Amino acid sequence: MASTATLRKPASGFRISRKMLPYVLSLPALLVCIGILIPFFTAVIYSFQRYRLSQPWARQFNWGENYLNFFTDPAFWNTLKVSLLYAGITVTLELLLGLGIALLLQRRSTVNNFISIMLLLPLMIAPALAALMWKLMTNPSFGILSYLAGLIGLHDFRWASSPSTALLTVVLVDIWVYTPFIMILLLAGLRSLPTQPFEAAALDGVPRTFVFFRITLPMLTPYILTATLFRLLDSIQQFDIIYAMTQGGPGNTLTVFQVEAYLNFFQSTNVGRSAALMVILWAITYLLSNIFIKNWLRLRERARGEA
Amino acid sequence: METTSTLEKTLRLIALTLVVIFFMFPIFWIFLMSFQTNETILTIPPSIIFTPTLSNYAALITGKLTTAAGTLDIAFMRNLGNSIFLSVTSVALALVLGVPAAYAFARHKFKGSEDIAFTLLSFRFAPPLLVLLPLTQYFQWLGLSDTYFGLIWVYQLICLPLILWIVRGYFEDISADVEYAYRIAGHSWFATFRKIALPLAGPGIAAAGLLAFIFAWNNFVFALVLASADKQPVTVGALAFVTSSGIQYGQIASAIVLSVTPTLALALYAQRYLVEGLSLGAVKG
């Protein structure tokens, strides 16, 4: 990079055009995205309004009322609870499972490479379509999983259509789709670790649990962090799987943030509440992504340095 | 590395088998289902031995579904066409807009370049409905609500950050010295960009394009909120199809198979780049 700076000087014949060039190159991309900032601000304004599509005449600013109402609104607390529960459960399970599978596939061999490529497939299926696949498999009259549940004694197991097992079912679909994401990130991490510490530990006869907790895990931490935060940001905003599977039901069992906002907007046409929900979700993701981007940049630099 | 006992080998084998079954079985099962008639599907207990039929695919492709109640028109092939058109044009536009911007961000550390790059990246992490719900109203006012153009524009939110960040990484990995040598030989920056930088970053650009295609194809919520019935891609169309066709499970399964085949094929083709692409370059594959 130092040589870059010194070599750049001879070519700086046309000052203005050289200075403008990067702006000119990135301007089109920016213009396209600036269009998106306008609806963002509109949403923030809506969130401070009493605004129902069914009663356009009653539209007016009510300032923080939409937000204040949330404190006494059991539906909001349900949304917050379900969203956090969903994100917490899926990310934890996917992390454990993904790490386990990555460790199983760590050694480079034809079979392991083949399996790791196969495991990518669920990740490449649209989550909404994956939900439909599982819906077919959990259908009460012919679903293979309902049949298998019956074989092990769970007769009339109703999967996503029963309030007690709906969360479990969508979590299962989420795990099926997204565990491969964590798996491939951690596998790439594991395979890029230097081999010397492991060889030394093996020579010294260090127990393998000790090696795992004291060498493997600490060295893998940046990768685990990246994978976790990526997933956490996506998971707390999950819409596709839940909407395609149950549309937030049964009842309000699965009304996570985005599903609730969607239903508020299109069914109860309460634009103000819908916008306020999205602003809160945005605030949560903004906080998470700030933590995320800081750590992620450090990791990116490190990966680039090692490459 | 270490001595592995027979017990451990067996346990590993069992664990791996379970993993493969869990992740592969749904794909396998839906694939089988797509070749079954409704009668076969409803047979209890389910069996993997059956006489395969192509009638489900035939019904989807001809768009005519004959049931006991009469014929039903299926618009699924139109959804498939929409998916192809929306994904291809969105990715093409994102490449035209994103690659020069990525080059600018990689080669010129200009004032505010990091801020701009981060703003673009933050779109990847913001809740989509936050902008989509007000956008429905803007689209009505602007007359975009029934157009492909509006959808392609919104799809840039998926494609642009992906292309920008991945391609930028590839440009950064190319030594700038070659380009400077070429510039000093008297060539314009555009010739340098076209003849040196683009070919060197070519594989990265191709990989980013493929990934952006997969993400655009798999998107659900953008089209669910903004697309009118005749502009819907397969993700939304398949869900509507489930509602309208009711109990035509074989056709639903074959619609799913047709919808996921393009992304699965591309993923297998580009699997080398997936790690890097999915982590936006945070983890090198």
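**Notebook: chains A and B, predicted model**

I began with the pairing of the two chains and found 80 residues of chain A in contact with 83 residues of chain B. I then asked which element of chain A gives the most to the side that touches chain B. That is helix α2, residues 15-46, with 16 residues. I sorted the side of chain A that touches chain B by class and got 64 nonpolar residues, 12 polar and four charged. I note here that the model is a predicted one.

**Chain A overall**

I looked up the secondary structure of chain A next and counted 14 helices and two strands. For burial, I have 40% of the 307 residues of chain A down as buried.

**Gly143(A)**

I picked out one residue of chain A. I place Gly143(A) in the loop between α7 (127-137) and α8 (144-151) of chain A. Is Gly143(A) buried or exposed? I count 21 other C-beta atoms within 10 Å of Gly143(A), and the cut-off for buried is 20 or more, so Gly143(A) is buried. Leaving out residues up to four places away in sequence, I list Leu136(A), Met137(A) and Thr138(A) as what Gly143(A) touches. I also took a distance from Gly143(A) to Leu288(A), which lies 145 residues away along the chain. Their C-alpha atoms are separated by 38 Å.

**Domains of chain B**

I turned to chain B and read its domain assignment, which gives domain 1 as 6-73 and domain 2 as 76-278. I computed the centres of these two domains of chain B over C-alpha atoms and have them 31 Å apart. Where they meet, I find 16 residues of domain 1 of chain B in contact with 14 residues of domain 2 of chain B.

Which elements give two or more residues to the side of domain 1 of chain B that touches domain 2 of chain B? I list α1 (6-33), α2 (38-41) and α3 (55-62) of chain B. I note that α3(B) gives the most to this side of domain 1, with five residues. By class, I record 10 nonpolar and six polar residues on the side of domain 1 of chain B that touches domain 2 of chain B, and no charged ones.

Notes
Residues numbered from 1 in each chain as written. Chains lettered and ligands numbered in written order. Predicted model: local features only at pLDDT ≥ 70, side-chain atom pairs only at ≥ 80, totals over all residues. Helix = DSSP H or I, 4+ residues; strand = E, 2+ residues; numbered from the N terminus. Buried ≥ 20, exposed ≤ 12 C-beta atoms within 10 Å, placed from the backbone. Contact = placed C-beta atoms within 7 Å. Nonpolar A, V, L, I, M, F, W, Y, C, P; charged D, E, K, R; others polar. Domains from an automatic or database assignment.
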